[in-house]
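Here is a friendly briefing to read alongside the model. Please keep the sequence and the 3D view open as you go through the points.

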Amino acid sequence: MSEQPAGRSPAVEYRIEDLAHLSGATVRTIRAYQDRRLLPRPERRGRSNVYGEPHLARLRQIADLLARGYSLASIKELLEAWDTGRGLGGVLGLVAEVDGPWSDERADRITRAELDAAFGGAPDERAVEEAVELGVLERVPGRDDEFLVPSPQELAVAAELYAAGVPLLAVAGHLRELRAQVEHIALRFLEFTTEHVFGRYLAHHPPTDTDTAEAARLVRRLRPLARQTVDAELARAMRTLANRHLRDHLAPGGPPRRDEDPRTVVLPAATVRSVRELVGTENTAAFIAAAAEREVRARTLDALAGGAARAAQDGPDAGEADARES
């Protein structure tokens, strides 16, 4: 690493190894970015390449966008817009707004001893691994006896369910099912708001600073609506279904068999959208149910036909021959 002589504006220069160390990228990655034109070419000084602060800043921008889930192709498009005079700041501001907290809950920490005490006092390594895999707990580097708790409320619910007699693995299984259904709800909300609200601001690639600023303002306004809607609908559904559930259990014949109850199945959004376009929103559920039932019946018929064909190939005396041999 070197600096220009006195009398000229100071400009820090890096070798590629220095740049890799400061940016956290590998030398191989830096060269790959250069090949994909994500990174400006370095200056040539004799037999060496020289990098500067713009290269370091660009590498940090790329790392930040990758961490936010952008593909390298999308990053290249954004950076090209930046290089041709269109602002990247608006896009990064919108990304930061979307990445912001979607609840008022704050993460906390819990020691292993506190965790064991909250769940009966006996260590359960399998349950801890399940919780880590689900993200309910996160390991703290260098601390085997401590965990980060992203959602203390979620952990508290699990502790209450366990205290009420629900096995820990059943709690984990329920969370997996619930998470899939909630992610489906979140995806539908995003598709709905993008179609009717955000589409007009994100039509350009990349959008202008004015569009991204307006989109960020709308994110701030609409962020609470998703949770408020789900809270209201969950309260309504719990009130309706809890009363029905209680009546079923108090009925003379007892509760209905579980396989007779309607069950929610999460389907890919693209599948649901295609069916909706084909038969309309009001007929979507009936169409999917009928299609599934037809498939089950077809497979049942195929199995029966296959069994009959195998019996015919064996011949009518196959069973008697087997009996004589035995």
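Glu 146 and Arg 143 meet through their side chains in a salt bridge, at 3.3 Å from N to O; the term stands for a side-chain nitrogen of Lys or Arg within 4 Å of a carboxyl oxygen of Asp or Glu. Salt bridges with shared partners join Arg 109, Arg 143, Asp 145 and Glu 146 into one network. This is a predicted model, in which local features need pLDDT of at least 70 and side-chain atom pairs count only at pLDDT 80 or more, while totals for chains, interfaces and linings use all residues. Residues are numbered from 1 along each chain as its sequence is written, and side-chain values use heavy atoms, with hydrogens and water left out.

**Salt bridges**

- Glu 146 counts as buried at 13% relative accessibility, whereas Arg 143 is partly exposed, with a relative accessible area of 40%; buried means under 20% relative accessible area, exposed over 50%, and partly exposed in between (1.4 Å probe, protein chains only).
- The whole structure holds 16 salt bridges.
- One of them pairs Arg 112 with Glu 125, whose closest N and O atoms are 2.9 Å apart.
- Arg 112 lies in helix α6 (residues 112–118) and Glu 125 in helix α7 (residues 125–134), so this pair ties together parts that are 13 residues apart in sequence. Helices (H or I, at least four residues) and strands (E, at least two) are DSSP runs, numbered from the N terminus.
- Arg 112 is buried, at a relative accessible area of 15%, while Glu 125 is partly exposed at 46%.
- Glu 133 and Arg 176 also form a salt bridge, at 3.4 Å from N to O. Glu 133 in helix α7 and Arg 176 in helix α9 (residues 168–196) are 43 residues apart, and the pair links distant parts of the chain.
- Glu 133 is exposed, with a relative accessible area of 59%, and Arg 176 is partly exposed at 36%.

**The three-stranded sheet**

- An open sheet of 3 strands runs in the order β3-β5-β4, with antiparallel pairing; two strands pair if DSSP finds at least two bridges between them.
- β3 (108–111) and β4 (138–140) are the edge strands, each pairing on one side only.
- The antiparallel pairing of β4 and β5 extends over 3 bridges, and Glu 138 stands opposite Leu 148 in β5.

**Nonpolar cores**

- The largest nonpolar core has 18 residues, and Ile 110, Leu 115, Phe 119, Val 136, Leu 137, Phe 147 and Leu 155 touch the most other members. Such a core is a set of buried Ala, Val, Leu, Ile, Met, Phe, Trp, Tyr and Cys residues joined through side-chain atoms within 4.5 Å.
- Two or more residues of this core come from each of α7, β5 (143–149), α8 (152–163) and α9.
- Another core, of 17 residues, lies apart from it and includes Ile 16, Leu 19, Ile 30 and Tyr 51.

**Helix α11**

- Helix α11 (residues 269–279) has Ala 269, Val 272 and Val 275 as its buried residues.
- Seen down the axis of α11, these buried residues fall within an arc of 130°, so they line one face of the helix; the arc is that of the directions from the helix axis to the C-beta atoms.
- The exposed residues Glu 277 and Leu 278 sit on the face of α11 turned away from its buried side.
- Gly 280 follows α11 and has a positive phi, near 95°.
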